[in-house]
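I opened a new notebook page for this one. My notes follow the order in which I looked things up.

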Amino acid sequence: MSGDFDSFARCFSLPYELETIDGKRQITTREQLKVTFDAVHGHLMKQQVTMMARHCVSASFRSDNEVAATHETRLLSRDILVQQPYPAFSLLKRGTDREWRITFTSYVIVDSSDLNGALQAG
């Protein structure tokens, strides 16, 4: 929400695979990730989102270095729900530097073609 791309980018491994109801895409460069980040951030600002509340629904280790997790996101403008909560499934892997990073996310957003479009930007 703060627009801090550098902190955001540290959470992802490249290549990063992203899926929405509109299709899959692979982000292979930091520049592509920045375009997507800017598009999603712009969408959230346009919707006057003040909080992106994420709740972990489930998480489990697939191996010592991989976690599969599902979370639900609620986008709020002050105390008003901007759109219906939506689920996302992610894979996180621990790199050789021992840091955890997201390698894949599948979003199921059925009520916002604008947000799906922002996620596909790049």
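I began with burial: 34% of the 122 residues of the protein count as buried, where buried means under 20% relative accessible area, exposed over 50% and partly exposed in between, with a 1.4 Å probe and protein chains only. I noted that this is a predicted model, where local features need pLDDT of at least 70, side-chain atom pairs count only at pLDDT 80 or more, and totals for chains, interfaces and linings use all residues. Residues are numbered from 1 along each chain as its sequence is written, and side-chain values use heavy atoms, with hydrogens and water left out.

Next I looked up the secondary structure. I found three helices and seven strands; helices (H or I, at least four residues) and strands (E, at least two) are DSSP runs, numbered from the N terminus. The order from the N terminus is α-β-β-α-β-β-β-β-β-α.

Then I turned to contacts, meaning heavy atoms within 4.5 Å. Of the contacts in the protein with a separation of 6 or more, 51% join residues 24 or more positions apart.

I also checked the extent. The C-alpha atoms fill a box of roughly 40 × 30 × 25 Å along the principal axes.

Where does Asp 22 sit? I found Asp 22 in the loop between strand 1 (12-20) and strand 2 (23-27). Asp 22 counts as exposed because its relative accessibility is 55%. Leaving out residues up to four places away in sequence, Asp 22 touches Asn 116, Gly 117 and Gln 120. From Asp 22 to Ala 68 I noted 46 residues in sequence and 22 Å in space, C-alpha to C-alpha.
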